[in-house]
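Here is a short report on one protein model.

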Amino acid sequence: MLKGDVFLREKLGIVALMAVLAGIIILSQTVGDRLYEQVSGRADANNLIVIDSGHGGKDPGKVGINGVDEKDVNLKIALKLKKILEEQGMTVIMTREDENSLADSKSEDMQKRVAMINEGKPALAVSIHQNSYPSEEVHGAQVFYYTNSTDGERAARIMQEALLDVDSDNKRKEKANDTYYMLKRTEVPVIIVECGFLSNRSEAELLATEEYQERLAQAIAKGIIEYTSGEK
Ligand SMILES: [Zn+2]
């Protein structure tokens with residue numbers, strides 16, 4: 001009888017010990033999960049990018065010397081860029097993913113783009129455009145940022161350098177601007193990437209090709225990743 005009692009007590013002791021151990025394991029897992037959520041949650045905010053494909057619908061943007069519409073070149077580059085960034089684990093919000101604009105009037109279209117950027121609160125918004133100039137010889141990609149944004153300036157500097165991958169002879173420098181609606185009205189770092197001049201014959205021809213669009217998208221993705229990782 002006494003011997004059995006001790007045996008029972010030992011058994012109960014082991015059960016209690018196992019219960020405590022199980023409790024510790026479950027608790028540490030929960031704490032671990034929470035920590036992971038916090039860390040990955042922060043990483044997510046840093047990984048969120050808005051890609052704005054300029055113009056669309058009735059607004060063609062610039063029309064190239066070769067007849068190509070800026071809105072189409074912008075969208076092609078933007079979609080390629082989205083794919084690359086998502087493959088790198090980034091989250092992408094697109095202001096447009098088809099040929100349509102966001103509204104019938106230009107002012108409402110721009111307001112909607114700005115609202116998407118401000119509500120999305122991305123680490124960076126990149127607006128894709130093509131340039132044009134009266135004299136045909138002018139060419140080369142150029143990046144614009146808001147005059148009063150130090151983050152925008154850093155992003156533009158990194159992006160201008162990344163774009164040397166597509167044209168190592170490009171002497172253009174990133175440029176501050178305080179008049180563009182998109183730069184003035186946005187509350188997060190925004191850069192406008194003018195990928196090239198549709199008024200320059202050879203650049204317009206290049207911009208119309210899938211291969212050059214892909215190279216541009218790769219270079220822009222590299223710039224975005226360098227900016228968000230804080231490497232430069
Ligand atoms: Zn444009």
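This is a predicted model: local features need pLDDT of at least 70, side-chain atom pairs count only at pLDDT 80 or more; totals for chains, interfaces and linings use all residues.

In it, D151, R154, A155, I158, M159 and A162 of helix α4 meet A219, I220, G223, I224, E226 and Y227 of helix α7. Sorted by class, this contact between α4 and α7 has eight nonpolar residues, one polar residue and three charged residues.

## How the helices cross

Two packed helices are described by the angle between their axes and the distance between the axes. Helix α4 covers residues 150-162, and helix α7 covers residues 210-229. Their axes come within 8 Å and cross at roughly 140 degrees. Therefore α4 is oblique to α7. The crossing of α4 past α7 is right-handed.

## The largest pocket

Rolling a probe the size of a water molecule over the atoms shows where empty space is left. What is the volume of the largest pocket? It is about 400 Å³. The lining of this pocket has 23 residues, and the closest to the pocket centre are H55, H129, Y180, I192 and E194.

## What lines the pocket

Four elements each supply at least two residues of the lining of the largest pocket: α3 (106-120), β3 (124-131), α5 (181-185) and β6 (190-197). Which of them gives the most to the lining? That is β3, with four residues.

By class, the lining residues of the largest pocket divide into nine nonpolar, eight polar and six charged.

Technical notes
Residues are numbered from 1 along each chain as its sequence is written. Side-chain values use heavy atoms; hydrogens and water are left out. Axes are lines fitted to C-alpha atoms, for helices over the stretch in contact, and angles run from 0 to 180 degrees between N-to-C directions. Angles under 35 degrees count as roughly parallel, over 145 as roughly antiparallel, 65 to 115 as roughly perpendicular and the rest as oblique. A crossing is left-handed if the near helix is turned anticlockwise from the far one by less than a right angle, and right-handed if clockwise. Contact means heavy atoms within 4.5 Å. Ala, Val, Leu, Ile, Met, Phe, Trp, Tyr, Cys and Pro count as nonpolar, Asp, Glu, Lys and Arg as charged, and the others, Gly among them, as polar. On a 1 Å grid over the protein atoms alone, a cavity is a set of points where a 1.4 Å probe fits but cannot get out, and a pocket is an open set with protein on both sides within 12 Å along at least five of seven lines; lining residues have an atom within 4 Å of a point. Grid points are joined across faces, edges and corners, and a volume is the space filled by probe spheres set on the points.
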